[in-house]
Each structure stands twice: as structure tokens, then as C-alpha cells.
Amino acid sequence: MKTVTMTMRGCPEAVHEALKRSAKVNRRSLNQETISWLERQAAEVPMNGRELAQRLREFNKGLTVKERLELAESIEEAGRRMGRG
Amino acid sequence: MASFVDADAFVRWEKGEFDLPGWMESHLGEGEPALFPATVWQQLHYGVYAWEAKRAAKRSRFLSLIRASVVSFSRRHAVRAAQLAAELKAEDIGVADFQVAATVIEDGGKLLTFNRDHFERLPALRLVDV
């Protein structure tokens with residue numbers, strides 16, 4: 001995996017302290033822990049709405065009408081169980 | 001302004017009653033994500049655990065593929081949800097709906113939902129016109 005070097009300035013002290021605590025708990029270096037935090041956050045960066053729309057269409061092409069209706073019913077059932085119905 | 005999607009938009013789409021992808025393409029700006037309150041994400045995941053293995057796997061694959069942006073229900077969302085519930089004094093709006101509304105309000109967004117009956121009663125909540 002290709003890597004790059006990053007330098008951080010102005011990190012709030014509280015964040016630094018939290019990172020150090022977390023690194024100790026996870027038995028990682030501060031550098032490893034920081035990368036781990038950044039990797040988790042990077043995985044959360046979403047695709048934009050237009051890409052999402054395309055994905056939704058592509059996925060649903062593989063479903064029958066019956067399967068789509070079952071999906072809808074499942075979401076509705078979950079809603080009822082959650083008190084949203 | 002961020003747009004949050006409620007579960008009933010998915011339901012309508014799967015039933016062929018609403019073009020959810022079309023709405024995303026026409027209403028979301030370049031690079032703008034569609035957001036999901038954690039409570040809605042919970043509702044969409046139900047089938048993964050409630051269905052038999054084959055269908056559950058398909059559902060799980062779908063949800064991982066779409067890589068949606070899920071907004072966590074945090075401390076400030078919880079406080080706002082409590083405030084909304086106390087102000088409305090309504091028993092027929094469930095906890096989950098207050099959680100959804102609180103997430104959208106706290107994050108300065110608007111909600112795409114077909115349950116206007118419930119959500120229109122919360123004046124601080126902005127709804128998408130559909």
C-alpha cells in the first residue's frame with residue numbers, strides 16, 4: 001500500500017490526550033492510532049447523492065417486482081416494531 | 001442544506017410509487033450526499049436479521065453497496081428529541097420519529113418523508129416538498 005507523510009499542526013490538546021489514551025488501550029503507537037482513527041473516518045465519507053441514485057437503480061435491476069415488494073414490506077414491518085407505523 | 005431520507009421514501013420507491021433515485025438526481029447538488037438518520041438506518045437493516053439467509057444476504061449486500069452517510073444519534077440529538085417530545089405532548093408520535101426529527105433539526109437539514117401527518121406537527125423541522 002502506498003503511503004504519504006502528513007504533518008499535523010494545531011491539534012487540540014484534548015484530542016491529543018484522547019488519542020494517547022486510545023493508543024495505550026489498543027497497544028499501538030500514537031502514529032498508528034492516529035492513522036487508525038483517520039482510516040475509520042475515511043470509510044465513512046459517503047458517495048454523493050447522484051452516485052447513490054445510480055447505485056440504487058443498478059441494484060434494483062437485479063430484483064423482481066415480488067422481491068421489491070417484500071423489501072418494502074420488511075421496512076414497513078420494522079417501522080411498526082419501532083413505533084413508527 | 002443537507003437532505004435526510006426517511007425510510008418511507010424507500011418503501012414508496014420499492015413499491016413503484018416514488019422515483020427516489022430520480023429525486024436524488026434532480027434535487028441534490030453536485031457532490032451533495034443524501035443523509036440517513038441512524039434511526040432510519042436501523043429500520044432499513046431490519047430485513048438483514050429478520051429474513052431467511054438468502055434474502056438477508058442480498059439485503060446486507062445492498063446496504064453495504066450503497067455506502068450511505070448515516071448520521072449518528074448523539075448526545076445533542078437526544079437532548080433535542082427530549083425537548084420535541086415534551087413540547088408536543090403527543091402520544092401518537094413514537095420515540096423513533098422524535099429521534100429522526102431531532103437528528104434533522106440539529107444538523108440543519110430537511111427531511112424527505114411521506115409521513116407529513118407526524119412531522120408537520122414539529123414546527124422546527126423542515127420538510128422536503130414532494
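**Note on the chain B sheet and its surroundings**

1. Start with the sheet. Strands E2 and E3 of chain B run parallel and are joined by 3 bridges. Two strands count as paired if DSSP finds at least two bridges between them. Strands (E, at least two residues) and helices (H or I, at least four) are DSSP runs, numbered from the N terminus. In E3(B), B:Ser69 is the bridge partner of B:Leu35.

2. A word on the model. This is a predicted model, where local features need pLDDT of at least 70, side-chain atom pairs count only at pLDDT 80 or more, and totals for chains, interfaces and linings use all residues. Residues are numbered from 1 along each chain as its sequence is written, while chains are lettered from A and ligands numbered from 1 in the order in which they are written.

3. Confidence comes next. Chain B has a mean pLDDT of 90, and 98% of its residues reach 70 or more. pLDDT is the predictor's confidence in each residue, from 0 to 100. Where it is low, the predicted coordinates should not be read in detail. For the complex, the predictor gives an ipTM of 0.88 and a pTM of 0.78.

4. Now the layout of chain B. The chain has 7 helices and 5 strands. From the N terminus on, its elements run β-α-α-β-α-α-β-α-α-β-α-β. Of the contacts in chain B with a separation of 6 or more, 63% are between residues 24 or more positions apart. A contact means that two C-beta atoms, placed from the backbone, lie within 7 Å.

5. What are the overall dimensions of chain B? Its C-alpha atoms fill a box of roughly 45 × 35 × 25 Å, taken along the principal axes.

6. Strand E1 (residues 3-5) and strand E2 (residues 34-37) of chain B pair in the parallel sense over 2 bridges. Here B:Phe4 stands opposite B:Leu35 in E2(B).

7. Strand E2(B) is covered on both faces. B:Ala34 and B:Phe36 are buried on one side, B:Leu35 and B:Pro37 on the other. Buried means 20 or more other C-beta atoms within 10 Å of the residue's own; exposed means 12 or fewer; partly exposed lies in between, with C-beta atoms placed from the backbone. Beyond its neighbours within four places in sequence, B:Phe36 is in contact with B:Phe4, B:Val5, B:Trp41, B:Ala68, B:Ser69, B:Val70 and B:Val71. Across chain B, buried residues make up 36% of the 130 residues.

8. Which residues touch the most other members of the largest nonpolar core? They are A:Ile75, B:Phe4, B:Val5, B:Phe10, B:Leu20, B:Phe36 and B:Ala101, out of 37 residues in that core. H6(B) supplies the largest share of this core, 7 residues. A nonpolar core is a set of buried Ala, Val, Leu, Ile, Met, Phe, Trp, Tyr and Cys residues joined through C-beta atoms within 7 Å.

9. Helix H1(B) deserves a look. It has 7 of its 8 residues buried, so it is largely enclosed by the rest of the structure. B:Phe10 and B:Trp13 are among the buried ones, as are B:Asp8 and B:Glu14. The cover includes helix H4 (65-81) of chain A, together with E1, H2, H3 and strand E4 (110-112) of chain B. B:Gly16 follows H1(B) and has a positive phi, near 80 degrees.

10. Then the interface. Here 30 residues of chain B are in contact with 24 residues of chain A. H3(B) gives the most to the chain B side, with 5 residues. That side divides into 19 nonpolar, 5 polar and 6 charged residues. Ala, Val, Leu, Ile, Met, Phe, Trp, Tyr, Cys and Pro count as nonpolar, Asp, Glu, Lys and Arg as charged, and the others, Gly among them, as polar.

11. Last, two individual residues. A:Val15 sits in helix H1 (residues 13-25) of chain A and is exposed, with 12 other C-beta atoms within 10 Å. B:Ala50 lies in helix H3 of chain B and counts as partly exposed, with 14 C-beta neighbours inside 10 Å.
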